[in-house]
Amino acid sequence: MTTAIFSERQDQVYRKGDQPFQMSCDKDSLAGAVSQRACVFCGSRVVLYPIADALHLVHGPIGCAAYTWDIRGALSSGPALHRLSFSTDLQEKDVIFGGETKLYQALIELINRHQPNAAFVYSTCIVGIIGDDLEAVCKRVAEEKGIPVIPVQSEGFKGNKRAGYNAACKAMFRLIGTGDVSNVSPLSVNILGDFNLAGEIWIIREYFERMGLEIVANITGDGRVDDVRRAHGAGLNVVQCSGSTMDLAKMMKEKYGTPFMRVSYFGVEDMAESLYNVARHFAGKDSEIMDRTADLVKGELQTLLPALEKYRRALSGKKAAIYVGGAFKAFSLVKAFRLLEMDVALVGSQTGTEEDYRELHEITDEGTIIVDDSNPLELSAFLQEKDVDIFVGGVKERPIAYKLGVGFCDHNHERKEALEGFVGMLNFAKEVYSTVMSPVWRFVPRKKQRNVLKSDRGRSFRKKTLPEPLPKNSYDSFSLSRRQPLSPMSGRRDGSPFGRLSDMLVAENNCNNREPRP
Ligand code: SF4
């Protein structure tokens, strides 16, 4: 194993094929390892601040408030109060004498000025230390102003980003159940764990609406306070990014009996399977929903697959590395790369669970490195060892890739291109193609063959340019994978219904034989 791994972290890195699968995860980051994780407060902001008509006030020093909408651009179709970053700007005097008065005054002033439908108050490290009573201040302001004012117990030192997700779910849960649900359709869903980056939730909403479903609340993207208040009336919670919102889904199941289902909107296979699974959930109440869903998937694939083919031909055999925040995305990315006939040499996440990594172990090839809570030193060593052509990650991974002369695709909160849904798969292929095949890599050769390319630049590079599209009817024989793909949501290893396009179009029959994972 590479010397870049600290001895204390050996059990958080696994190479498939070395020995029986065993990985340690969900533990505190190692001091000195420069974890890519954010703090508890940042985790709570991820989940809550896409509620666009709420006031978000950070009770702490101004530095904590640097984590703003600019860093994570959840879009709104209406109000944009969430784009403003408010802070009580605690200073030395407040630390000595307490910051409750300042918090009260800030809340009153901001509520008067912006007239929000609710307010969230985030606790930061120093507030946890000096012991300001957020609960009491929020209660007083809520009574005076007549809106929900909810404290978020997100002191940064309390754990990692995952603990922040939990703090946000607890705060959100206080809002749910306070609205009127008398006119909510039984054929309805809440969308959890989609943050509407680059407008992705609008793509997914449209799919569900075409299936005949009412969307009660986009809880974590383009969210509205009044929608969240009546979310307990929905017939199903569909949960993407389960690490961030599964706690909320479980709380709603326990208190309101709302069932939930894990989904992923990335890649062709998971997108189609998610829609079919949701349709199957409602099939007892709506006998035509499966047909509508099949029509939807068929129509989308007939557009997508011919367009995708040329990228697959160009990218076939290239190597990819994946390091993302939540493991759900890693599953879908492994399959998306497989669809493009690319090999995944490294896959990891900041906050995956043992179950997540076990599933990654199931779907990856021999020799793949699986890693939990990695750091730049390890990631750099792995990228070089595996000699990858593209690294998929977030803002913190981008410089690692570029310094090593490796293509990069932002699949995290900074992305400006929608990567969800069927159209998102095409956007993803385009992005991967444009970075992997960029002529700039001729100037940073990192492989032996790159040296060949350098001495024979024109001829070698011409070979790698985008091939001509296939004839129009060629997608009939489009194979989704040169190997048997596996769905992490179903756990199948063989007999995938998605091996060929024709099978994808009748996938609802196969779905009928499977139980959704809770
Ligand atoms: S670790 Fe503490 S001080 Fe730093 S950003 Fe998070 S809450 Fe603020």
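Helices and strands here are DSSP runs, numbered from the N terminus. In this predicted model, that numbering places Ala-198 in the loop that joins strand S6 (188-192) to helix H7 (200-210). The phi of Ala-198 is near 55°, a positive value although the residue is not glycine. Most residues other than glycine have a negative phi.

Glu-341 also has a positive phi, near 60°, and again the residue is not glycine. Look for Glu-341 in the loop between helix H12 (327-339) and strand S11 (343-349).

Are these two residues buried or partly exposed? Ala-198 has 20 C-beta neighbours inside 10 Å, and because a residue with 20 or more is buried, Ala-198 counts as buried. Glu-341 has 18 other C-beta atoms within 10 Å, so Glu-341 is partly exposed.

## An enclosed helix

Among the buried residues of H1 are Val-40, Phe-41 and Cys-42, along with Arg-45 and Leu-48.

## Around the ligand

Now to the ligand. Which residues surround it? They are Cys-39, Phe-41, Gly-60, Cys-64, Thr-124, Cys-125 and Gly-156. Phe-41 belongs to this shell and is also one of the buried residues of H1.

By type, the shell divides into 4 nonpolar and 3 polar residues, with no charged residue.

Notes:
Residues numbered from 1 in each chain as written. Predicted model: local features only at pLDDT ≥ 70, side-chain atom pairs only at ≥ 80, totals over all residues. Near = placed C-beta within 6 Å. Nonpolar A, V, L, I, M, F, W, Y, C, P; charged D, E, K, R; others polar. Helix = DSSP H or I, 4+ residues; strand = E, 2+ residues; numbered from the N terminus. Buried ≥ 20, exposed ≤ 12 C-beta atoms within 10 Å, placed from the backbone.
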